[in-house]
Amino acid sequence: MALEDIVIPQVGEAVDEVTLIEWLKTVGDSISEGDVLFEVDTEKAIVEIPAFADGTLAEIICGDNSLVMPLQVVGKLETARASSDSAGQDNPPADPVLDQRPSHPEDLATARSSLAPSGKTAASPRARQLARSMSVDITTITGSGRDGMITESDVQGVASSGTDGGEASREIRAAVARRTAISKSTVPHFYVEMDVDFSTVEERRKAMPPGNRAPTITAVIIDACAQALSLVPDVNVSFHDGELERRSTVAVGVSVASERGLINVTLPNLSGADISEISARLAEATARARAFQLRPDDLEPKSLVVSNLGMYGVDAFTAIIDVPDPMILAVGRVVPRPVVSDDVVVIRPMARLTLSVDHRAIDGEGAAIFLGHVRRILEGGIDV
Amino acid sequence: MDESRNLTIVQGLREALREEMLRDESVFVMGEDIGIGGSFLFTLGFLDEFGPERVMNTPISEVGFVGMGVGAAIEGMRPVIDFQYGDFLITAADQVIQQAAKLRYMSGGQVEVPLVFQLPTGASGRGAQHSNSLETVFFGVPGLEIVTPSSPYDAKGLFKSAVRSQNPVLFCVHKHLYGSRGRNLAHRDTSTGLVPDGEDYTIPFGVADIKRAGTDVTVVANLLMLHRSLKVASGLADEGISVEVIDPRTLVPFDLDSVIASVEKTGRLVLVDEGPRKGGWSAHVAAEVAEKGLMYLDAPIERVTSLDTPMPYAPGLEEAVVPSTDDIEAAIRRII
Amino acid sequence: MVLIRRFELRVNELFLRGLIPGTIHLSHGQEATAAGTCLALETNDRITITHRGHGQALAKGVTAESMMAELFGKATGCCGGRGGSLHVGDMSVGALPAIAIVGASSPIATGMALAYKRKNTGQVVANFFGDGTANKGDWHESMNLAAIWDLPVVFVCENNLWAVSTHISDTMRVEHVADRAVAYGMPGHTIDGNDPVAVYDTVATAVDRARSGGGPTLVECLTYRRGGHKRDDPATYRPTEEVDAWLADDPIERFRTTLLNGIMTHAQLKTIEEDVDAELDAAVAAAEAAPVPDPRTVEDHVYG
């Protein structure tokens with residue numbers, strides 16, 4: 001028998017603080033591996049955290065509605081595994097928070113959030129004063145300031161959004177506001193555009209056997225992007241805290257407009273996945289996002305997000321990078337356009353793809369090669 | 001203003017002292033090795049112009065000649081005491097803290113001590129005993145005025161005000177900012193500048209100067225840290241972050257009103273101070289803003305200071321102790 | 001001298017009755033040094049005063065009334081109640097308010113002398129200090145600086161043999177403080193500090209020398225405090241034989257005998273004593289009646 005730590009997993013790379021919303025099990029409950037133990041709110045989504053082994057829930061350290069950090073121990077699970085296999089009570093694991101506490105006082109901010117009393121709303125005096133004057137309940141607001149502190153603009157955002165939407169959408173709105181503002185102000189964006197001929201895609205979609213549902217444009221583009229990422233390892237990277245790392249796997253995200261706001265869902269491990277698998281996984285992930293019931297791996301980092309507004313009749317747009325993911329591909333509508341082919345003007349189903357790139361991670365050449373591959377794959381020029 | 005009069009701080013100080021000595025017979029300067037200009041060439045050429053009675057080269061007797069400055073000031077002279085390194089003033093701390101700063105008060109206003117100390121301050125690669133931030137060491141002493149100029153324009157105008165002050169003044173200049181011949185001059189682009197001519201030009205104490213206007217965050221910095229902050233502000237402007245940089249210019253008296261007015265506008269405050277983290281002007285200002293301007297704050301106050309260590313010698317270690325542009329930028333980003 | 005003696009005894013009594021706050025360092029027994037020195041000075045000459053400075057201040061002309069009020073902590077005191085016993089003085093009679101840190105007044109006096117020399121005012125400053133000061137670096141630096149620049153300062157040592165509880169024989173290898181003058185190239189004299197005439201003669205010579213540009217002199221006056229270091233010090237560390245011998249050689253009794261030897265009459269001396277008592281009665285009454293300082297003025301005089 002061993003008493004093992006239940007920790008908050010890394011739900012998304014740039015997440016430094018989450019709320020443990022509710023334990024779905026109580027102490028003494030018998031647990032099977034995979035049972036959902038509790039839910040956490042990452043500002044982007046509600047994520048269910050499953051048990052990693054069979055056993056009995058021995059202790060709940062952080063109760064419902066606790067502010068917690070990734071890797072923080074929130075409970076104990078008594079398992080049947082031999083204690084020598086794990087860090088048992090005789091040899092307790094190092095406290096990740098304490099171990100990471102810096103000696104340099106300037107770095108205290110990074111440790112500070114772990115010291116915040118759970119359930120206490122951190123808001124600037126300026127924000128509190130404004131909230132009081134506007135009769136806004138400050139505890140319903142998600143902060144965008146240092147360590148998640150609620151700032152004046154957060155209060156203004158809530159006040160201007162009125163009453164429609166409810167708390168969750170306000171929180172997503174605030175999260176989107178914060179993340180896009182950080183991205184736009186701190187990430188040096190550059191853009192690469194290409195017009196892509198979708199004739200081949202259209203032909204293949206029409207050629208699908210009857211009864212099979214044709215893959216969506218979004219799925220086709222995700223498929224092309226996944227293949228291109230494998231071909232151009234220089235752009236299959238992550239850039240976080242100033243560190244550039246190549247990814248060993250291919251993951252592509254997709255922007256999903258849920259009722260509660262915009263969520264970028266990850267489709268991890270796309271190497272070897274064919275279009276039908278991608279279509280199926282895309283449909284499931286989209287459904288989870290719209291239901292606001294995401295799994296931890298739905299929020300994993302990725303090299304690229306696909307954002308398709310073609311269905312709304314948008315010709316072209318530029319998207320804001322979702323930090324720390326280094327690229328986002330904005331997809332416009334597929335529409336018949338005159339193009340010159342072999343010195344003859346012909347009509348082809350065309351779409352404008354606009355790639356936003358984090359210049360800290362990726363150079364123009366890499367981005368151009370990557371987008372060129374995406375185009376050739378879509379146009380049938382590369383037979384993968 | 002003549003474009004050719006682009007001066008360094010030590011040149012501005014020299015002009016100020018010369019003009020004051022020509023204006024007022026009671027002004028004289030004393031200190032170690034000042035016959036050859038002193039450590040930072042503050043008095044270069046003064047012995048020839050004014051003679052040994054007004055340019056007094058002293059033995060290595062800091063308590064003795066600082067006390068003499070106090071006594072001469074009591075009797076109507078206006079001594080300027082030049083220090084090779086401000087650090088050496090600490091050996092005469094009793095004369096500064098117990099005598100110069102208090103005689104007016106404990107005599108019920110019977111005597112005044114108009115006395116100026118010219119003090120090279122801050123870290124400059126010389127290890128622990130030649131790197132004190134004197135403005136921090138003496139900050140909490142009532143009765144002293146403390147001046148920390150960052151530009152030649154300010155240095156000249158403030159020095160003339162210091163000589164004319166009726167109080168003891170610690171005039172602290174960062175060792176990297178003098179621009180003395182043969183010495184390292186940091187941030188030459190912002191630490192040299194145009195300086196007006198003429199003895200009517202003075203800058204009053206207790207008036208901060210907004211060195212760069214901005215709307216998103218208020219940075220208050222002095223001495224070398226002012227120039228580092230200006231550099232950071234310039235870089236952040238390219239990202240659309242608008243930083244207001246305020247130079248308090250004098251720490252005692254301190255222009256708190258200007259800082260609070262700026263914080264009212266920006267909602268955010270970063271204090272950059274080369275002194276150690278404990279004590280000093282930035283701790284005081286943080287407390288004052290928390291008391292008097294709390295409701296303007298939209299983020300925690302950030303302080304960027306040196307670490308609480310003696311100053312190490314190795315260049316890499318000194319850099320680790322003293323706030324860098326990266327430290328300043330990170331502090332701003334934490335609350336933007 | 002009678003004024004000093006009776007002032008100190010009166011202060012002691014008032015202190016014991018709880019009318020004077022703080023602490024006091026009494027100078028009774030050392031009257032002849034203060035009186036002889038100040039008699040050798042002009043009104044516009046200056047003195048610097050020690051922590052045991054009531055006698056020095058009175059000798060220079062600070063009034064008993066303004067000092068008593070200061071000791072009472074009253075607004076009418078010579079320093080407006082901001083100084084107290086440790087900082088008595090009155091610049092209008094040439095008495096720089098006392099500097100209570102041992103040794104710190106020597107460089108200040110030297111600097112005052114520098115100002116007189118630069119401005120050619122002909123003034124002289126007498127720097128009072130004790131035997132304990134002679135071991136302070138401040139004092140040594142001042143002696144040297146005054147000597148190398150020929151400044152008009154007279155260093156007057158009140159050598160009462162004891163720095164609080166430490167005897168001078170434990171702190172100096174030379175026999176006399178004045179022996180140290182030679183190290184700085186100035187004259188040094190060791191004299192009977194309980195003889196006001198000897199003190200006057202020696203200091204007057206030193207003042208003349210200083211005023212004429214001859215530079216500083218060190219005058220060591222051998223004397224004795226009749227009480228402890230301060231009010232709560234019984235001074236039991238002093239050997240009985242030493243105490244008895246010095247108390248028997250009381251400067252006031254000795255000078256009284258000298259004066260009665262054909263210079264003054266009993267009646268004249270009695271008149272002096274009665275005048276002094278009346279002056280002190282008036283000073284105490286005025287101090288008791290005087291207003292306390294207005295707390296709203298507490299920040300006055302920090303800066304000018």
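Which side chains of chain A and chain B meet in a salt bridge? I found A:Arg146 and B:Glu302, 2.2 Å apart from N to O; a salt bridge is a side-chain nitrogen of Lys or Arg within 4 Å of a carboxyl oxygen of Asp or Glu.

I note that this is a predicted model, in which local features need pLDDT of at least 70 and side-chain atom pairs count only at pLDDT 80 or more, while totals for chains, interfaces and linings use all residues. Residues are numbered from 1 along each chain, chains are lettered from A, and side-chain values use heavy atoms, without hydrogens and water.

**Chain B against chain A**

I looked up the contact (heavy atoms within 4.5 Å) and found 23 residues from chain B and 17 residues from chain A. The two chains bury about 1600 Å² between them, 49% of it on carbon and sulfur atoms; buried area is the accessible area (1.4 Å probe) that two parts lose on being put together, summed over both. On the side of chain B, B:Met295, B:Asp298 and B:Arg334 lose the most area, together 39% of what that side buries. I recorded one salt bridge across this interface.

**Domains of chain B**

I then read the domain assignment, which is automatic or from a database: domain 1 covers 6-194 and domain 2 covers 209-335. Their contact takes 32 residues from domain 1 and 28 residues from domain 2. I noted 25 Å between their centres, taken over C-alpha atoms. These domains bury about 2300 Å² between them, 62% of it on carbon and sulfur atoms. I counted two salt bridges between the domains. B:Lys211 and B:Asp154 meet in a salt bridge at 2.5 Å, N to O.
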